[in-house]
Amino acid sequence: MRRPLIAGNWKMNGTKAEAAELLNGIKAGVAGMQRVDVAVCPPFPYLYLAEQLLADSAIAWGSQDVSEHAGGAFTGQISAAMLKDFGCRYAIVGHSERRQFNGESDALVASKYAQAVASGVVPVLCIGESLEERESGKTEEVVARHIDAVLSGSGVEAFGAGIVAYEPVWAIGTGVTATPEQAQEVHAFVRERIAARDKNIAEGLRLLYGGSMKPGNAAELIAQPDIDGGLIGGASLKAADFIAICQAGDDGA
């Protein structure tokens with residue numbers, strides 16, 4: 001059985017005080033949950049707060065990005081080794097907002113994924129199609145391209161050390177959510193594509209849904225056979241909402 005994971009992507013939100021309040025609230029709210037893994041991905045400046053406030057809890061923390069370089073003269077970038085130094089377990093790579101606004105290519109995302117794995121940080125690979133691509137019937141083509149970039153760069157073994165988050169771009173921050181059936185269909189496609197290379201790795205790979213998962217729809221989404229949790233955006237900024245989603249993961253495990 002794959003253990004559910006609920007991970008919060010805070011994006012570029014919050015002050016130091018707000019971050020501390022949110023971390024403490026989540027910590028208190030999920031304390032009794034035994035069957036779900038919980039993680040938060042604050043902005044880089046607040047990772048030290050996560051390290052301080054969550055060190056005595058079961059909650060993991062991670063980053064919203066990572067450099068493809070191990071170190072050196074790359075102003076403004078953060079290496080996987082630096083993240084590891086702050087106790088980060090996870091690093092999000094290839095989020096659609098970085099692909100769109102920062103021009104990140106599939107090859108660059110694959111390099112970031114490889115760098116995280118090499119440093120012992122678990123990459124959370126974001127994949128997904130735009131509304132135009134879905135309406136054009138290109139969902140599987142786009143998702144396959146995102147997956148194949150990592151397969152080509154690192155081999156199927158790399159998926160044994162990572163996580164994949166399907167985030168339909170048309171459902172991010174829009175309030176529109178893929179139906180459980182739509183999400184399951186893509187998750188099953190991803191697992192089958194990995195299984196074509198290695199069935200055991202595919203069976204163990206956690207696939208998260210990341211597209212407006214909320215307390216009201218989390219249980220139904222997580223109940224799908226190939227959905228192993230969620231990468232939560234807006235709802236992760238409200239402790240009560242995030243805790244409710246974590247509870248859905250705990251209940252559904």
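Predicted model: local features only at pLDDT ≥ 70, side-chain atom pairs only at ≥ 80, totals over all residues.
Q: Is the crossing in which α1 passes α11 right-handed or left-handed?
A: The crossing of α1 past α11 is right-handed.

Q: How do you know how α1 and α11 are placed, in terms of axis distance and crossing angle?
A: Two packed helices are described by the angle between their axes and the distance between the axes. For helix α1 (residues 16–29) and helix α11 (residues 239–252), the axes come within 9 Å and cross at roughly 35 degrees. On the α1 side, L22, G25, I26 and G29 take part, and they meet A239, F242 and I243 of α11.

Q: What makes up the contact of α1 with α11 by residue class?
A: There are 5 nonpolar residues, 2 polar ones and no charged ones. G25 and G29 belong to this contact, and they fall in the polar class because Gly is counted there.

Q: Why is strand β2 described as mostly covered?
A: In β2 (residues 37–41), 5 of the 5 residues are buried, so each has under 20% relative accessible area. In a regular strand the side chains alternate between the two faces of the sheet. Here D37, A39 and C41 point one way while V38 and V40 point the other, and all are buried.

Q: How do you know that β2 pairs with β1 and with β3?
A: Pairing takes at least two bridges. β1 (residues 5–9) and β2 are joined in the parallel sense over 5 bridges, with C41 as the bridge partner of N9. β2 and β3 (residues 60–63) are also parallel, over 2 bridges; there W61 is the bridge partner of V40.

Q: Which hand do the β-α-β crossovers on either side of β2 have?
A: β1, α1 and β2 form a right-handed β-α-β unit. From β2 the chain goes on through helix α2 (residues 47–54) to β3, again in a right-handed crossover. The label applies because, with the strands pointing away from you, the path over the helix to the second strand runs clockwise.

Q: What makes both faces of β6 count as covered?
A: I163 and A165 lie on one side of β6 (residues 163–166), V164 and Y166 on the other, and all of them are buried. β6 also has paired neighbours: β5 (residues 122–127) runs parallel to β6 with 4 bridges, and I163 is the bridge partner of V124. Another 3 bridges join β6 to β7 (residues 207–209), also parallel, where Y209 is the partner of Y166.

Q: How do α7 and α8 cross, and what residue classes make their contact?
A: The axes of α7 (residues 139–154) and α8 (residues 180–195) come within 11 Å and cross at roughly 40 degrees. Their crossing is right-handed. Among the residues in contact are V143, A144 and I147 of α7 and V186, F189 and V190 of α8. By class, the contact has 8 nonpolar, 1 polar and 3 charged residues.

Q: Why is G94 called buried?
A: Its relative accessible area is 1%, and the limit for buried is under 20%, so G94 qualifies. G94 sits in the loop between β4 (90–93) and α4 (96–101). Leaving out neighbours within four places in sequence, G94 contacts R99, E104, V109, C126 and E167.

Q: Why does K112, a lysine, count as buried?
A: K112 has 4% relative accessibility, which is under 20%, so the term applies. K112 is part of helix α5 (residues 106–118). Not counting residues up to four places away, K112 touches D65, V66, S67, E68, V93, R98 and E104.

Terms used
Residues numbered from 1 in each chain as written. Heavy atoms only, no water. Axes fitted to C-alpha atoms, helices over the stretch in contact; angles between N-to-C directions. Left-handed = near helix turned anticlockwise from the far one by under 90°. Contact = heavy atoms within 4.5 Å. Buried < 20%, exposed > 50% of the residue type's maximum accessible area, 1.4 Å probe, protein only.
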